[in-house]
Structures are given as structure tokens and as C-alpha cells.
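Here is a short briefing to read alongside the model. Please keep the viewer open as you go through the points.

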Amino acid sequence: MFGQNIQLTLAQITDSVEKKYPEIIKYETKIQSVQAKVEGAKAWMPPTISVGPDQVFYNPSLLQDKSDMNRAGITLSLEQMIPNNSKLNAKKNYLQSLATIQQNNAAWIKNTFRYYTKYLFYQRLVAEKLLLLIQENRELLTMLVNTSEAKYPYNQSDLNSIFKAKEKLEELKNMEAMLLATIAESNIGLNTLMNRDINTNFNIDTTITFKNYELKSNYTDTSTVKRSDILSMQNSIQSMKLNKELMYSQRKPDFGMRFNHFQMLGMPNQYAIMGMISIPIVPWSSKMYKSEVKSMGFEIESMTKEKEGMQLMALRMINEKLTMLKYGKIQLTNFQSGIIPMYNKNFEANLLAYKQNTGNLFVLLDSWEMLLMKRMEYYNKTLEVLKTEADYEYETETK
């Protein structure tokens, strides 16, 4: 679908995952499987044909006797059971409910893989931002080292500070390697989700755009939580009720017809037509469906409580994520408006003093390192907020 080194957005990657990942695609066939069962829900049992000798003497010589007592012959029997129509309707309704559950499951599994995709995408996005920051600072530090080494013969810098700067350069290389590993790990994950070669190279859109979920009011009513997994449980309860109705319909009788043709030997041919009706309400038969109906009643109560638990947990998680987003955004604002600008001014002041030979490299390195750490903290907090947004979207099934 995508060529190498093409810049992909999160929406494009997510769309590819939903169309290609086997775990998602399998639900299409699951739904088709249930629909195929629905088509045959009102089918009858096949007719039964029987054929064989009828009232044949053990002594074959008696077949020569043409008296009225000789009723030997061949019987051909055709039997067809006619199921109760209410039973067939109950079965069809139950099977149709299974298709709805699979549709809910398909929607939820898509939501789950959207969540995985966002995590990997945001992880790579922030890693690339950090990698660019490290590369910029490595160039700056290299320039400071070169400048200090040039000043050293004139006693305008000291060896300790120069070695400290070179130590920091080596540490930056290590950070860079760690970030490259994170990017590679994210690439493998995203390529796997898109069901393509894990070594396929591609670029991503690194524009950071926050959503304003933190402005939403807290959720207070479980009825407002309408995720596909909860709908699946709700429809499973409805399906169980339909299955209970199907089992209870077993108390109703089935009907049948039997036609017998007697091909007589030495006598006129005969036939017999009989109607049949089942009697499922007799005690030794009714125990089966009565016990099943009772069991399903308890199962419905259990599933109802499970659904209520799912709703309460979802309500808690949604409100937690909204709160985390609110305070996470406040921290990001503090980084942007106060923390980073102040650390940057401190670094610039030390850099200016160093250039004017009124400051020393050791103090400058400390201010540079603190600024770098705060900028890295900002990006790490950005990743945390982006992942919290993904958590909120997962809990509310927001695309």
C-alpha cells in the first residue's frame, strides 16, 4: 500500500492496520459464518425412507400357501417430521443475535489495535523529536569543545572542563543510540500491525497536535459509556435470553407424518397413513429443558452484574484519564512558558560570559546540561500526555 520512505500520518497507518491485520479481518468471516447459520435456521429434518420384508414366515415353504393368513410382503415407509414453527423462529432469532455480538467484537478489536498503533506511533514521534534535540546539542557541544581547546594554550580554559565536555559528548552518543533503538522498535511494531515486511522504511508526520479532551466534563452516569465491548456484553445477555426462549420452546410438540406402502405377496397391496405428535411435557422429558432454562436464568443474572462492573470500571478509567490530561497539559504549559525559558536564559547568560572570557566552561556545561534535561523532560511529558489521550480514546472508543 505504501512505498518506502513515504511520510505516513497516524490516520493512514491506522487505516492500513484495520484493513490488513489478520486478527481484525477474521471477524468478517466470523460474521459470515453466523449469517450462513441463520440462512438454514428454519430447515426441517430430512425425511426418512425405510424398506424391508414384512410379516415373512421363518419357514419359506409357507409362502406357497395362498390363504388369507399369508400376509407376507415388502413394506416401503416414508416418514417426515414437521417441526413446530415457533421453535424454528426462536432458533433463527437466537442465531441472528450471535451476528450482532460478532459485529460488536469486531468494532472493539479495531479499537484495541488503534490503541496499539497510537502508542507505537507516538513513541516513534517523540523519539524523533528527542533525536533531533540530541543531534543539535551534540553539534553545540562539539563547538564548545573546539573553542575550549583553542583557548587552552592561552590559559582561557582548563583541562578538567574540556574532559567533562568530552564525557558529555560520549553520553549524547549513547542517548542517540537508545533513541535509534526506540525508533527501530516502533517501526517493527507498526510494520507488523500493517502486515508487511518489518524492515520496510517509512517516515512519519511528526506534527504534534493535542486534543482538548481535558475540557470535557467528568462522566457521572454509566449509561453514557457505550463502548463496543459493553455493547457486546449487553447483546450477549439478550442473546442468552433468546437462547432461553429457544430452550423453553422445547416444551411445544412437534408433528410428523408416516406413509407405509405394503407390497403384498399373493394379496392385494395395502397402505397406511399415520400422524405423529411428540409429547415433551412428560416428566422424564421436561427435566431437560426445564433445568437448562433455570441455568440460563442464573447465567443472565451473572452476565448482567459483569456488565455493570465493566461500566463502572470504564467510568473510573475515563474520569482518571480526563484528570491526568488536565494536569498533564498544565505541566506542559509550565515547561513552555516558565521552566524552559528560564533555563535557556541561564544558559545564554553563561554562554555570553564564556565568550567574553568572564565565565568558565564548567559552569557553562552545567547550565547546558540542565537546559537539555528540561527540554528532554518536556518531550517525555509530551509523550505521556499523548499516550493518555490514546488511553482516553481507547476507554471511550473515540476514533
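Buried means under 20% relative accessible area, exposed means over 50%, and partly exposed lies in between, using a 1.4 Å probe and protein chains only. This is a predicted model, in which local features need pLDDT of at least 70 and side-chain atom pairs count only at pLDDT 80 or more, while totals for chains, interfaces and linings use all residues. Residues are numbered from 1 along each chain as its sequence is written, and side-chain values use heavy atoms, with hydrogens and water left out. Helices (H or I, at least four residues) and strands (E, at least two) are DSSP runs, numbered from the N terminus.

**Nonpolar cores**

- A nonpolar core is a set of buried Ala, Val, Leu, Ile, Met, Phe, Trp, Tyr and Cys residues joined through side-chain atoms within 4.5 Å.
- The largest such core has 62 residues, and Ile13 and Leu141 have the most contacts inside it.
- Two or more residues of this core come from each of helix 1 (10-20), helix 2 (22-39), helix 3 (85-151), helix 4 (159-193), helix 6 (283-355) and helix 7 (361-396).
- Helix 3 gives the largest share of this core, 17 residues.
- A second, separate core has nine residues, including Met233, Val293, Met296 and Met303.
- Contact means heavy atoms within 4.5 Å. Leaving aside neighbours within four places in sequence, Ile13 is in contact with Leu8, Thr117, Phe121, Leu190, Met194, Phe202 and Ile204.

**Helix packing**

- Helix 5 (residues 228-248) packs with helix 6 at an angle of about 170 degrees, and their axes are 9 Å apart.
- Here, axes are lines fitted to C-alpha atoms, for helices over the stretch in contact, and angles run from 0 to 180 degrees between N-to-C directions.
- Angles under 35 degrees count as roughly parallel, over 145 as roughly antiparallel, 65 to 115 as roughly perpendicular and the rest as oblique. Helix 5 and helix 6 are therefore roughly antiparallel to each other.
- The contact of helix 5 with helix 6 has 13 nonpolar, six polar and seven charged residues. In this classification, Ala, Val, Leu, Ile, Met, Phe, Trp, Tyr, Cys and Pro count as nonpolar, Asp, Glu, Lys and Arg as charged, and the others, Gly among them, as polar.

**Salt bridges**

- A salt bridge is a side-chain nitrogen of Lys or Arg within 4 Å of a carboxyl oxygen of Asp or Glu. A search of the whole structure finds 22 of these.
- Glu79 and Arg258 form a salt bridge through their side chains (2.7 Å, N to O). Glu79 is in strand 3 (residues 73-82) and Arg258 in strand 5 (residues 255-264), so this pair ties together parts that are 179 residues apart in sequence.
- Arg138 and Glu176 also meet in a salt bridge (2.7 Å, N to O). With Arg138 in helix 3 and Glu176 in helix 4, the pair ties together parts that are 38 residues apart in sequence.
- Arg138 is partly exposed at 28% relative accessible area, whereas Glu176 is buried at 11%.
- Lys164 forms a salt bridge with Asp366, with the closest N and O atoms 2.8 Å apart. The pair links Lys164 in helix 4 to Asp366 in helix 7, 202 residues apart.
- Lys164 counts as buried at 12% relative accessibility, while Asp366 counts as partly exposed at 33%.

**A buried glutamate**

- Glu389 lies in helix 7 and is buried, with a relative accessible area of 0%.
- Leaving aside neighbours within four places in sequence, Glu389 is in contact with Thr209, Phe210, Lys211, Tyr213, Leu325 and Lys329.
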